[in-house]
Amino acid sequence: MSETLASEPKGHIEVTNFSLSYDSIEGPVQAVTDTQIHVNPGEFVSIVGPSGCGKSTLLNAVAGFLKPTTGIVTVDGERVNGPSAERGMVFQQYSLFPWKTVRENVEFGLKMRGMPRSQRERAARTLLGLAGLEAFEKHYPEKLSGGMKQRVGIVRALATGPKVLLLDEPFGALDAQTRVIMQQILTNMWQRLKISVLFVTHDIDEAIFLSDRVYCMTARPGSIKAEIPIPLERPRQQSMMMSSEFLALRRGLMSLIREESLKAMGGEINDMGMQGLNIELHGHSLADVI
Amino acid sequence: MSSPALVRHPEDNMPATAALPEAVRAPTVTSPATPSSFGTLALRWYRLNQGRLRATAIGVTSLLAFLLVWHLLTTYRVVFFVRFVNVPAPLAVYASFTKAIHDPHFLMHIVLSCRRIFIGFSLAAVVGVPLGLIMGRFKLVHEVVFPVAEVLRPIPAIAWVPMAIMLWPTNEQSIVFITFLGSFFPILVNTLHGMSLVDPVLVRAAQCLGARERSIFREVYFPASLPHIFTGLTVGMGVAWVSLIAAEMISGQYGIGYFTWEAYSLVQYADIALGMIAIGVLGLGSSLLIRGAGHLVMPWRSTR
Ligand SMILES: Nc1ncnc2c1ncn2[C@@H]1O[C@H](COP(=O)(O)OP(=O)(O)OP(=O)(O)O)[C@@H](O)[C@H]1O
Ligand SMILES: [Mg+2]
């Protein structure tokens, strides 16, 4: 495992002039437009935004599952043109192989790389130990709780020693308690492995708590509305979530997102003749926003 | 979260860096505390298997009731729409069974039928499963093969008998061919269905772990389709017996289907029932074999 515990941070993601549209019967659907983002080596960056704004689209393009309509995606200077083990990915729908035991799941990437069985077994055990899962190595995923499944998912994605870890709302389906623990575990793994992380979430607290920087996207077609550095010191603790600094960041981000969500729903609200509603929105009324 | 060691930590003063080595210590599985006596063990076993015991008891009772009804209907030669006048009684069937198991002819009929099933079914599995997998993965193959399969599929195996006799030089080959046809289509269709249901997220997960086309096929598509493949094999085995018996009755010289038909021609009524029961038992046994193989091949599903 020494190679995955390298000391130099790695994984410089650069997304330039990015746009992506899906083909549909009614013509192309512009999902993401005119977007630039970057993640420095070893940095933890989150993307937040209203539902349907193209967060997953952007992440899938970085993973190599989708081709940008315009623009390019590079990782450490190399252009992305297809999925690879260099960019590990954790999905919201656990996505463990049900026919493989926990350890076999973790071994999968190493097996694909042609590592001999005994060696990859040892590597998988070490990694599972780090995530507190060694007692479950012979279990099939079906028997695990959601939190454990997602821990296995993270460990599996990290086993091949990727430069970049991409996560698409990985904790979205977990309860609040488990979420907090998973956040700690993720933070830990990230700090040990010194790789860069691109993290998509709905949860503003989660984004602030975990990240060095947060990108906030606009409603569809998504583009970057704001880039917010999170200057909170590390190691971060749960108690920080009550600090005035945290709360200020939270308020700012919250209003940005609310603005966009309202914009996304603006049409519907107008259609339903709800302009009379005066929702307080940091000084604006709803009518100003729409 | 089922690891209490994780939850127990007071989260608020836990520094993130220290969290992992400590917080992630998984709870070691503790064995049941006290060694229990035989009595309590038996009791526990009984409680765990209560449902199954109940089902077995009811099953046995219902079989006995079936035999009893059969016995009564035949002893009193009931005629009520259906005529039980010539139907052999269970005891008569049992008598001809004890005679038959010492008769090498009867055993030969059984062995031959089993061999035909084995060859026909194995061929169908060996052709049908890979073809289904390939059709599921490569659109062109699907587009070429599917229309032909759809046209041939509704033709019942029995309707193939004259054609099979023309196609194959020996009777034996044509019977195996019909058995093959009977099981081939269920296997093919179910394999295809399994392939179409493979979760694309799993394919993506494999791709970003470095899997290439061939590995994805072997490590994702194939195991993901296995449950449906086994459904196909089970259905295919059933249809294989149906087809085999029909073919043996029409064109055979040996085999348990032929035995049953011959018994009718020779007015040996007890042997008709014996043949039927033998077919039932063989069919059941072969489905059980497939189910067992399924459990072996798919250990991740067998605990359900
Ligand atoms: N295959 C597709 N074809 C057409 N439109 C699509 C397709 N996939 C996504 N879209 C559209 O593109 C937009 C962006 O989708 P995307 O899944 O990236 O959003 P998201 O920000 O991840 O949303 P959520 O927060 O709900 O996960 C959505 O409006 C969606 O309807
Ligand atoms: Mg999404």
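Close-up 1. With 62% relative accessibility, B:F80 counts as exposed (over 50% relative accessible area, with buried meaning under 20%, by a 1.4 Å probe and protein chains only). B:F81 is exposed too, at 79%. Their rings form an edge-to-face pair, 5.1 Å centre to centre with 70 degrees between the planes; rings of Phe, Tyr and Trp (its six-membered ring) pair if their centres lie within 6.5 Å, and planes over 60 degrees apart count as edge-to-face.

This is a predicted model, in which local features need pLDDT of at least 70 and side-chain atom pairs pLDDT 80 or more, while totals for chains, interfaces and linings use all residues. Residues are numbered from 1 along each chain as its sequence is written, chains are lettered from A and ligands numbered from 1 in the order in which they are written, and side-chain values use heavy atoms, leaving out hydrogens and water.

**Close-up 2. The pair B:W160 and B:F177.** Here the ring centres are 5.9 Å apart and the planes stand at 80 degrees, so this pair is edge-to-face. B:W160 is buried at 14% relative accessible area, and B:F177 is buried at 15%.

**Close-up 3. Side chains at ligand 1.** Oxygen atoms of ligand 1 come to 2.9 Å from a side-chain N or O atom of A:S51, 2.7 Å from one of A:K55 and 2.4 Å from one of A:T57. The protein covers 64% of the 640 Å² of accessible area that ligand 1 has on its own (Shrake-Rupley method, 1.4 Å probe).

How values were computed
A polar contact is a pair of N or O atoms within 3.5 Å; within protein, one must be able to donate a hydrogen and the other to accept it, and residues adjacent in sequence count only if both atoms are side-chain atoms. Rings of Phe, Tyr and Trp (its six-membered ring) pair if their centres lie within 6.5 Å; planes under 30 degrees apart count as stacked, over 60 as edge-to-face and the rest as tilted.
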